[in-house]
Amino acid sequence: MSEHALNGTTTPTAVLVVPFRDRGHDPRRAANLDAVRRWWDGAPWPLHVIDDGRTGDAQFNRSAAYNRGAELATAAGAEAIVYTEADMLIPWDQVAGAVDRALAEPGLVVPFTEYRYLSDTDSARVRADEHHVAAAVPESVMGNATSMGAINVVSLASLAAIGRWDEAFEGNWYDDNAMERAFSICCGPRRHIAGPAWHLFHLPGWAGDHLTDADRSATEANQHRWERYQAATTPDQIRALTGEARGQQVP
């Protein structure tokens with residue numbers, strides 16, 4: 001069975017949302033997005049690449065792109081959203097299983113248990129022919145269902161339970177931790193679908209000479225905001241945090 005097979009399962013009530021805006025720092029990112037577009041070509045879920053509404057070198061705000069994606073999904077009458085990053089490839093059948101689980105009961109579903117990091121060289125090879133990704137040997141693997149970000153599947157009802165994605169986060173890091181905690185407190189523990197997902201290489205957002213002072217400051221601010229999520233213990237406290245960025249009063 002190919003990595004695209006669905007085992008006879010289709011879930012047209014979901015949409016695929018890929019957050020992306022090219023800041024112009026690393027050509028691999030746009031190349032990765034091209035591979036991701038090809039990967040989902042013909043999938044039973046419509047694919048939407050959505051930016052954050054910012055321009056130029058401004059810090060990318062993934063949460064803003066996610067919220068825009070939620071608005072689009074709501075307008076389209078979808079029941080669930082597959083948020084998948086512009087550098088991730090994953091078997092379609094795992095996504096189908098995750099959508100089914102997301103619709104069956106509240107909470108965040110991560111459609112993989114192994115996060116496979118590909119090297120720069122292997123990522124280039126996969127971009128040339130993404131169907132061979134399953135044969136690529138990863139540089140490292142985050143296994144045992146420890147990854148909580150990169151690809152998340154949620155129902156619109158679960159998203160409503162946390163209020164919205166927190167747009168106070170920008171740049172890199174800590175937003176995954178915070179939103180996983182938000183869904184866990186408001187909806188119950190996250191769940192996983194067994195199987196791999198592959199990460200295509202790009203310059204990292206956590207270290208390197210390519211990072212600017214603004215990049216590092218954004219990550220530091222994210223860490224402080226994550227600490228506020230760690231202190232939150234009730235759904236009301238979570239919704240107060242997720243609504244802060246736009247001054248919203250979320251019931």
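Which residue of E8 does Ala-80 stand opposite? Ala-80 stands opposite Ser-155 in E8. This is a predicted model, in which local features need pLDDT of at least 70, side-chain atom pairs count only at pLDDT 80 or more, and totals for chains, interfaces and linings use all residues. Residues are numbered from 1 along each chain as its sequence is written, and side-chain values use heavy atoms, with hydrogens and water left out.

- Helices (H or I, at least four residues) and strands (E, at least two) are DSSP runs, numbered from the N terminus.
- Strand E3 covers residues 80-84, and five of the five are buried, so the strand is largely enclosed by the rest of the structure.
- Buried means under 20% relative accessible area, exposed means over 50%, and partly exposed lies in between (1.4 Å probe, protein chains only).
- In a regular strand, side chains alternate between the two faces of the sheet.
- Both faces of E3 are covered. Ala-80, Val-82 and Thr-84 are buried on one side, Ile-81 and Tyr-83 on the other.
- Strands count as paired if DSSP finds at least two bridges between them.
- E3 pairs with strand E1 (residues 14-19) in the parallel sense, over four bridges. Here Leu-16 stands opposite Val-82.
- E3 also pairs with strand E8 (residues 151-155), in the antiparallel sense and over five bridges.

**Salt bridges**

- The structure holds 20 salt bridges. Each is a side-chain nitrogen of Lys or Arg within 4 Å of a carboxyl oxygen of Asp or Glu.
- Asp-52 and Arg-21 form one of them, at 2.7 Å from N to O. Asp-52 lies in the loop between strand E2 (47-50) and helix H2 (62-75), and Arg-21 in the loop between E1 and helix H1 (27-39), so the pair ties together parts 31 residues apart in sequence.
- Asp-52 is buried at 7% relative accessible area. Arg-21 is buried too, at 13%.
- Asp-176 bridges to Arg-62, with the closest N and O atoms 2.7 Å apart. Asp-176 sits in helix H6 (residues 175-187) and Arg-62 in helix H2, so this pair ties together parts 114 residues apart in sequence.
- Asp-176 is partly exposed at 26% relative accessibility, whereas Arg-62 is buried at 13%.
- Arg-62 and Asp-176 also belong to a network of salt bridges with Glu-85 and Asp-175.
- Arg-190 and Glu-180 meet at 3.1 Å, N to O. Arg-190 is in the loop between H6 and strand E9 (191-192), and Glu-180 is in helix H6, ten residues apart.
- Arg-190 is partly exposed at 22%, while Glu-180 is buried at 14%.
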